[in-house]
2 protein chains.
Amino acid sequence: MAPGAVSGKSKVTIVGSGNWGSVAAKLIASNTLKLHSFHDQVRMWVFEETLPSGEKLSDVINRTNENVKYLPGIKLGKNIIADPDLENAVKDANMLVFVTPHQFMEGICKKLVGKVNKDVEAISLIKGMEVKKEGPRMISNLISEQLGINCCVLMGANIANEIALEQLSEATVGYRENKDIAEKWVQLFNTPYFIVTAVQDVEGIELCGTLKNVVAIAAGLVDGLEMGNNTKAAIMRIGLREMKALSKLLFSSVKDSTFFESCGVADLITTCLGGRNRKVAEAFAKNGGKRSFDDLEAEMLQGQKLQGVSTAKEVYEVLSHRGWLELFPLFATVHEIAIGHLPPSAIVKYSEHKPMLSLV
Amino acid sequence: MAPGAVSGKSKVTIVGSGNWGSVAAKLIASNTLKLHSFHDQVRMWVFEETLPSGEKLSDVINRTNENVKYLPGIKLGKNIIADPDLENAVKDANMLVFVTPHQFMEGICKKLVGKVNKDVEAISLIKGMEVKKEGPRMISNLISEQLGINCCVLMGANIANEIALEQLSEATVGYRENKDIAEKWVQLFNTPYFIVTAVQDVEGIELCGTLKNVVAIAAGLVDGLEMGNNTKAAIMRIGLREMKALSKLLFSSVKDSTFFESCGVADLITTCLGGRNRKVAEAFAKNGGKRSFDDLEAEMLQGQKLQGVSTAKEVYEVLSHRGWLELFPLFATVHEIAIGHLPPSAIVKYSEHKPMLSLV
């Protein structure tokens, strides 16, 4: 049954209210006002915080229509209702948008068991699922399994603050079987400056969002070694090829064409040009690998976490476990550099372990 | 018959001795010394010039082993013989490497008619073929047709000076039918820092080398408008998609996978990060489109030519002639901005003319 089929109008709840969650709220709020198939009002679950002023964050969002802590200066839309009560926020929803840090999702799902409508549709905007030895554990799967509901994904080259300023961007919605649901998510997110395309490949899209961070470490090392754009482009291309090859080995349903979408090549470009993984890896190489990633992360990121290094470790374990290490020299080398077994310059000694071309 | 099958060793001649030609000579010279299937000695045709010192360029190359004008500071290999006599340079060759500015190729081919061995194999490293109203005119076709010989291509993210410094890079060899010939070209060019892959798609590879310059204009406009990496990545991705879609419409043999090779995504990245098309387009947008590309080119490029603007014009004519304009909004918009019909900011008003998704 399509979401909202009973009332004819879908009710949307956003689970999360950080930087990206607030931008998602802005996009969604502008569309629910315009489109008849959605209720105007959108609930946003806020992890409650007390601001320095003594006020509650949710109260300030509801009073000023602005997330003063995570997206200051941007109006979210008057139809966004901040709600610090998770259970209350989701209880009437037909459509749930998950956009929290990924380490919170397990706890949130546990709290939501039995609390959501059975025919609710979900979408995950959360990048950075875990890659375990036996294979990746996708956030969309976690949501689906724990709550017994269908879950799409939305990924892409999405720097929240640029989208908040309404600068042109794109995103990819991934769906499993139901194309109508995918189109409904496209309607909910698509704006003239945020162009959304639906693709039937949840795993490919979600793996792009994670594996690109390993490539960004490699790109940052090249920057730190002061090689030119040529070498950086080669490393990014080899990285994209390994992303594609590993995704296809892990899930035979993954499509080549997904890597031409915003979630693939465009997100990779954004992440390798800017982004914290690139930045810290650059510093690591400039220091000749003598200061650890942990050390540099603590100094440079003010508490933000570096995904690429931990993902590289997890990917290395998968590759090692399955006997695929020599098929993925770039992924393997990133991890070996990060743990100090190889010098940063090893990243451009690529041909010494050229992979089997048949994989590519 | 494989090149050099009679003697067992192939003789290589390089036609061209500019910046990229000299780097190609260095790569080739190192390989012919190592590999038994090639004659050590490699001839390089030099368009003769008299240097300020009064010496001839070819004499200086032969004396110093260095192309002091186009690649100073780099030893080419003692087995490179500079030869200012085109006919003499090619007469014994089984393998011809064409690497001249593309506007010279028609004249060179005319001079070579009847002067080359009938079973000689050729490869073109020349980017920037012409796109005529009825379709593109490929350099490899020009060589094949005028000389009655087979012609492969080599393209990729190849900034000559970076490769001269032996920094990691990749390239793509395109071939038509004979995979053995392609492998022979790979042997001739491949080194530990220059990784060459053969792909059966001459047209796709050659079109990448030309169409990327139009995308670089778009990327430069985004830079000049001071949009972020997000928007730039979106424009590069949309550009890559239009490159792929147009190539496939023009030649049904073109493969999607070609665009994942060095000649595709990697060359696009290099060209959109650095490169003169990007640079002049950035200045054009910063000036609000008030100074023409011709004007900026004259001021900024010291006589070098801007390919992207003229290619955009040629592509526009093809699209217009075939009724495809609305399928390629990015390509069409670049030309309309360049001729002043649209402001530079139109490049990010993409969704106003979103193409048919079926094409993609």
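1. A pocket, as the word is used in this note, is an open set of grid points with protein on both sides within 12 Å along at least five of seven lines. In this predicted model, the largest pocket holds about 1800 Å³ of space. Its lining is made up of 50 residues, and those lying nearest its centre are N19(B), W20(B), P101(B), R276(B) and Q304(B).

2. As to which elements build that lining, helix 1 (19-34), helix 4 (105-112), helix 6, helix 8 (202-224), helix 10, helix 11 (276-286), helix 12 (293-300) and helix 13 (307-322) of chain B each contribute at least two residues to the largest pocket. Sorted by class, the residues lining the largest pocket comprise 16 nonpolar, 25 polar and nine charged.

3. The second largest pocket has a volume of about 1600 Å³, and of the 42 residues that line it, W20(A), P101(A), R276(A), Q304(A) and Q307(A) lie nearest its centre. Two or more lining residues come from each of helix 1 (19-34), helix 8 (202-224), helix 10 (262-273), helix 11 (276-286) and helix 13 (307-322) of chain A. The class division for the second largest pocket is 14 nonpolar, 20 polar and eight charged residues.

4. Turning to the interface, 40 residues of chain B are in contact with 40 residues of chain A. The two chains, B and A, bury about 3700 Å² between them, with 62% of that area on carbon and sulfur atoms.

5. The polar side of the interface can be described by two counts: 18 residue pairs are in polar contact across chain B and chain A, both members of each pair being at pLDDT 80 or more, and there are four salt bridges between chain B and chain A. A salt bridge joins the side chains of R237(A) and E261(B), with an N to O distance of 3.7 Å.

6. On the side of chain B that touches chain A, at least two residues are supplied by each of helix 6 (160-164), strand 9 (169-174), strand 10 (194-199), helix 9 (229-250) and helix 10 (262-273) of chain B. Among these, helix 9 of chain B gives the most, with 11 residues. By class, the residues of chain B on this side divide into 22 nonpolar, 11 polar and seven charged.

7. Over all chains, the count of salt bridges comes to 44. One within chain A is formed by the side chains of R43(A) and D83(A), at 3.0 Å from N to O. This pair links distant parts of the chain, since R43(A) lies in strand 2 (residues 38-45) and D83(A) in strand 3 (residues 80-83) of chain A, 40 residues apart.

Technical notes. Residues numbered from 1 in each chain as written. Chains lettered and ligands numbered in written order. Predicted model: local features only at pLDDT ≥ 70, side-chain atom pairs only at ≥ 80, totals over all residues. Heavy atoms only, no water. Contact = heavy atoms within 4.5 Å. Buried area = accessible area lost by both parts, 1.4 Å probe. Polar contact = N/O pair within 3.5 Å; in protein donor to acceptor, adjacent residues only side chain to side chain. Helix = DSSP H or I, 4+ residues; strand = E, 2+ residues; numbered from the N terminus. Nonpolar A, V, L, I, M, F, W, Y, C, P; charged D, E, K, R; others polar. 1 Å grid on protein atoms, 1.4 Å probe; cavity = no way out; pocket = protein on both sides within 12 Å on 5 of 7 lines; lining within 4 Å. Points joined across faces, edges and corners; volume = space filled by probe spheres on them.
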